[in-house]
Amino acid sequence: MRTTTRTPIIAMLAMIPLLATLGGCAAIVPLEPADDAANPSCADVIVRLPDTVAGLDKRETNAQGTGAWGEPAMILLRCGVAVPDPTAELACVTAPEDGIDWLRDDSDAPNYVFTSYGRDPAVQVIVDSDGDPDIDGDEVSGFDALSQLAAAVSQVPADSFCVGFSDTIAPTETAESSDDEAE
């Protein structure tokens with residue numbers, strides 16, 4: 001019986017199309033995990049992340065408690081970031097459809113950083129709204145992305161909420177009520 005080296009060579013040649021297909025896969029998005037990424041609530045968030053956000057496909061990341069969408073990644077999510085204190089410097093916006101409060105940092109516009117407010121652990125979403133257009137040819141809207149991530153983020157219960165200016169002003173006594181008390 002004659003042995004040949006053809007069989008292993010043919011097997012290797014048959015794998016070339018498979019390797020070419022795997023080589024075309026998107027690279028893993030490198031991210032740093034947040035300090036509290038191992039929080040069990042972050043696991044609840046991560047397992048509920050949608051496959052698409054703002055028309056962008058989900059990508060694999062290399063860090064616990066993270067998510068990414070788009071090629072290149074235009075939406076990044078990190079769960080377990082520091083819970084923000086109340087602030088007057090950052091706008092607090094409430095998504096009307098889902099009631100999640102977000103602090104919006106637009107200091108690096110067109111990259112917007114949204115951090116959930118009143119939830120522990122906090123979730124941070126970074127949106128590159130000026131990157132390559134999404135599949136519909138539009139720029140990525142931060143509020144659309146937040147809306148589509150709401151079901152996952154809402155797994156962390158809210159324990160405080162944004163307040164409006166009218167919520168911060170204590171009622172003042174009227175002159176008439178002061179006179180009544182004096183009698």
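In which helix is the place of Ser147? Ser147 belongs to helix H3, where helices (H or I, at least four residues) and strands (E, at least two) are DSSP runs numbered from the N terminus.

The model is predicted, so local features need pLDDT of at least 70 and side-chain atom pairs count only at pLDDT 80 or more, while totals for chains, interfaces and linings use all residues. Residues are numbered from 1 along each chain as its sequence is written, and side-chain values use heavy atoms, with hydrogens and water left out.

The protein chain contains 5 helices and 8 strands, in the order α-α-β-β-β-β-β-β-β-β-α-α-α from the N terminus. Chain-level values follow; accessible areas come from the Shrake-Rupley method with a 1.4 Å probe, buried means under 20% relative accessible area, exposed over 50% and partly exposed in between, and contact means heavy atoms within 4.5 Å.

| Property of the protein chain | Value |
|---|---|
| Buried share of the 183 residues | 32% |
| Share of contacts with a separation of 6 or more that join residues 24 or more positions apart | 57% |
| Accessible surface | about 11500 Å² |
| Part of that surface belonging to carbon and sulfur atoms | 54% |

Helix H3 spans residues 142-153, and its buried residues include Gly142, Leu146, Leu149 and Val153. Seen down the axis of H3, the buried residues fall within an arc of 160° and so line one face of the helix; the arc is that of the directions from the helix axis to the C-beta atoms. Ser141 caps the N-terminal end of H3, with a side-chain oxygen 3.3 Å from the backbone nitrogen of Phe143.

Ser147 is partly exposed, at a relative accessible area of 32%. Leaving aside residues up to four places away in sequence, Ser147 touches Glu97 and Asp98. The C-alpha atoms of Ser147 and Asp98 are separated by 7.2 Å, although the two residues are 49 residues apart along the chain.

Technical notes. Buried means under 20% relative accessible area, exposed over 50%, partly exposed in between (1.4 Å probe, protein chains only). A polar contact is a pair of N or O atoms within 3.5 Å; within protein, one must be able to donate a hydrogen and the other to accept it, and residues adjacent in sequence count only if both atoms are side-chain atoms.
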